[in-house]
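Could you walk me through this protein model, strand by strand and pocket by pocket? I would like to follow it on screen while I read.

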Amino acid sequence: MNDSAIHQGRTFRLACLPQEADLADELLRAQGYSWASEPFSPLARRVVDEPVPLGSSLAASFGLIYIQDKSSMLPPLLLNPTPGQPVLDMCASPGGKTSLLGLLAGREGFVLGNEPNRSRLETLRRNLHRMNSVCSATCCESGEKMPLVSESWPAILLDPPCSGWGTVDKNPGVMTIWREEKTEPLVRLQRELLAHAADLLVPGGVLMYSTCTTNPRENEEQARYAMDELGLVLDPITPPEGFGADPTSIPGTEGVFRVDGQASGSQGFFLSRFIKPGNPDDAVRPETAELPGRALSSAEQQACAEAGVQAETLPPGLMMRFKDNVFFVHDHARALLPAALRWQGYLLGKFTGPRFRPHPRVRALLPTSGAPVLDTSEVAEIERLLSGQSLPAPGKGKFAVLAFKGAPLARLTIKGARVLWSDR
């Protein structure tokens, strides 16, 4: 059996801005992939032809798509943050849901991804960076103790550690590792996380609680806890098109959504959406905290301009320098994140002496004019660059824009008469 047959049915989604969707599609087609649309979201697709594993595709390498089980796409989609809203993702790694929240919140919106495990935090940051999630920041805190201001977040996603029983088709050993008697520590942690989420939620705000398990102790019983003990109101979910639902197992939890994995062609999943009673105008507004790092000097701003960086292409916020690295700090981060929280914005690039070197994968920093452009329609040329080979430079200067069929993709370095890829 070939790879294409083995991976038939894999789902993925667009991870890029709407104006970059055609670029993602063109790269996929050029490498021989085909797909069918999923009915529940214009971002979601199912692979039909996969000549080589999708994760090695150029579209995935440049963060234009993200491989994700379709059930796992639902928590951000059903939380459905309003464009421009700040969103908190309390247990964020590996970042698939976090980046989707950022796409939904849009350029004016913001998402804070928290991951308590430091090694998983690095995975989260790498994935968000690869997917160009400029409107994001990350932190490493115990979710149940995050030092954030009460009633300051209008939208929160809580996808906590769980037993993972819904993934049994992919992980057959999960039912042995997480026998029911071993799940009690998880149940306690989930309740602590729920209680803190309810405290952080603004009156009128929306909380999505989701798991990839079928265990009622971690699902319906937690929904009852949120309603009975935390005062949250269950907001009923209508199963999206293309998904089957299992009946709820506990009276009073009608309106939660148990994904029937077999009928849906996906993982088993549980989703419950809550609203906090009250008026959003009564929420306490946090004081603006001192920012990490420092603002760029006029000389540093000039160095950025010489590197082709146009500040107006970035969302609302500031470029901040921390040692040699430059991070983007969204205006929502400045307004919401208190001094007690240690966090990091989105990495834009770094200074080497007086020269600013934008990270080549950050498409928001690509110049819109004035730079040489290597425009290719051959994926083999891009693959040659990524393998360390050089190509003839399209012009003079220090850098060039790599484009595929006219669509900007990345930044290249010019060395003499040659151009090369370097993401160090």
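Strand S1 (residues 11-14) and strand S3 (residues 44-49) run antiparallel and are joined by three bridges. Here strands are DSSP runs of E with at least two residues, helices are runs of H or I with at least four, and both are numbered from the N terminus; two strands count as paired if DSSP finds at least two bridges between them. To find the spot, look for Thr11, which stands opposite Arg46 in S3. Before going further, note that this is a predicted model, where local features need pLDDT of at least 70, side-chain atom pairs count only at pLDDT 80 or more, and totals for chains, interfaces and linings use all residues. Residues are numbered from 1 along each chain as its sequence is written, and side-chain values use heavy atoms, with hydrogens and water left out.

Now widen the view to the sheet around this pair. Four strands make up an open, antiparallel sheet in the order S2-S3-S1-S4. Strand S2 (34-37) and strand S4 (65-67) are at the edges with a single partner strand each, so one side of each has no neighbour in the sheet. On average, neighbouring strands are turned by 40° against each other, direction ignored. Helix H2 (residues 21-30) lies across S1, S2, S3 and S4, and runs at about 140° to S1. For such angles, axes are lines fitted to C-alpha atoms, for helices over the stretch in contact (heavy atoms within 4.5 Å), and the angles run from 0 to 180 degrees between N-to-C directions.

From the loop between S2 and S3, Phe40 reaches a distant part of the chain: Phe243, 203 residues apart, in the loop between strand S10 (233-234) and strand S11 (244-246). The two rings form an edge-to-face aromatic pair, 5.0 Å centre to centre with 70° between the planes. Rings of Phe, Tyr and Trp (its six-membered ring) pair if their centres lie within 6.5 Å; planes under 30 degrees apart are stacked, over 60 edge-to-face and the rest tilted. The structure holds five aromatic pairs.

S11 and S12 pair in the antiparallel sense over three bridges, with Ala245 facing Val259 in S12. Three bridges also join S12 to S13, again antiparallel, and there the bridge partner of Val259 is Phe269 in S13.

On a 1 Å grid over the protein atoms alone, a cavity is a set of points where a 1.4 Å probe fits but cannot get out, while a pocket is an open set with protein on both sides within 12 Å along at least five of seven lines; lining residues have an atom within 4 Å of a point. Points are joined across faces, edges and corners, and a volume is the space filled by probe spheres set on them.

What space lies in the second largest pocket? About 910 Å³. Of its 39 lining residues, Leu17, Gln19, Glu20, Arg363 and Ala364 are the closest to its centre. H5 gives the most to this lining, with four residues.

Finally, turn to S15 and S16, a hairpin with two residues between the strands; Lys323 in the turn has a positive phi of about 55°. Six bridges join S15 to strand S16 (residues 325-330), and Phe322 has Asn325 as its bridge partner in S16.
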